Amino acid sequence: MPEVSKRAASLGTENAFVVLAEVNALARQGRDIISFCIGQPDFPAPENIQQAAVRAIRSGKHGYTPSAGIDELRESAARYMAAMRGGLPIGPADVVVGAGAKPFIAYAILSTTDHGAGDEVIYPNPGFPIYESQIVAHGAQPVPIHLHEARGFSFDPAELERLITPRTRLLILNYPHNPTGGLLSRTQLQEIAAVLKKHPQVWVYADEIYSRLVYGTDETGSFFSIAQVPGMYERTIISDGASKTWAMTGWRIGFTSSPLLAPLFTRWITNTDSCASQISQWAALEAIDGPQDAAEAMKQSFRQRRDLIVGLLNQVPGVKCQLPGGAFYVWPNVTEACRMIGAQDSEEFRKRLLNEAGVAVLADIHFGSRVPDEGQHVRFSYAASKQAIEAGVARMADYIRKNTKKAA
């Protein structure tokens, strides 16, 4: 039989979907599972967005669009992204619409590195697993930069300075961050930019898909992009989209801005997807330009759930959980809980919690190699109901209490 390529064989995956398959298999057996695995809003897309899609269907908007997206959406996305980021000079020609934000991870790597040339890409660890997978698949060298709990799950700019070499071509930043919910502050981003100014060959991929889900320390919260730091705009690839803000994960609409790379991204789309769904593009136009009440209500709900789950987790024996600044994830430290129940590590803890307590979470190793000396962590997505959060954390606490006695 013919063999598959080494590239295909080495391709990574997104373990949230792997664990979800385990959850679904147990559910089919009649098990009661409370799942905190998948990072997607548990709300429907707002009604005005749904109606915009229906109008698009009924008015015959069924065909191909330009690979970069319909003009109306590119214009609207440019205004939206600029307004969100302090009035950056983002124009419609700088914006490319894709089938979700995820493909632009690949397009950015493909456009800034050469296969097998030894080009390096620095990416956050822990981090969205597709970063490392795509770096490897496209023949670049992955260079993880570790995020530290004591720094609110950010990294030391001095560590970034040490990792950059003449072969470094791209730095991936993600904030608010998956899986920790960590948020890079304006000061931190200015410090990172100061390092990068010494290395003009390095592009930045700013994965800002959670930019509207920033809670901060007050009711308003604020978002600041590294592209807003003087000198950073032209070398920053800004990635955003409809999935998280408007509960449109399955509609597959992302929009990315780069004044220099937009033409290349357009060609990549022509070579891969041809274009994003025209129907979804018209729906995304309504999402941006229409009423924002539903999006704001979702954000406030996530903020309330964040406060609830952090408070509950910090009452669980052997668990410590920081208050994240954004997104809808928490990254509790379960080092002591693992010791209490005799679990070797977070992955054993995760498996036992699923199979014996009916609570589904993800382990830290699903988001990269474990950071040295940082202990054991798991990820909860709190895109779940208040009732599910309360019941799930209570099950976890009961399980630890009962099994601590057995371990002893």
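1. Rings of Phe, Tyr and Trp (its six-membered ring) pair if their centres lie within 6.5 Å; planes under 30 degrees apart are stacked, over 60 edge-to-face, and the rest tilted.

2. Please keep in mind that this is a predicted model, where local features need pLDDT of at least 70, side-chain atom pairs count only at pLDDT 80 or more, and totals for chains, interfaces and linings use all residues. Residues are numbered from 1 along each chain as its sequence is written, and side-chain values use heavy atoms, with hydrogens and water left out.

3. The structure holds 13 aromatic pairs. One of them, Tyr 175 with Phe 223, is stacked, at 5.8 Å centre to centre and 15 degrees between the planes. Tyr 175 belongs to the loop between strand E5 (168-174) and helix H8 (186-196), and Phe 223 to the loop between strands E6 (203-207) and E7 (236-241), so this pair ties together parts 48 residues apart in sequence. Helices (H or I, at least four residues) and strands (E, at least two) are DSSP runs, numbered from the N terminus.

4. Tyr 175 is buried (under 20% relative accessible area, with a 1.4 Å probe and protein chains only; exposed is over 50%, partly exposed in between), at 0%. Phe 223 also counts as buried, at 13% relative accessibility.
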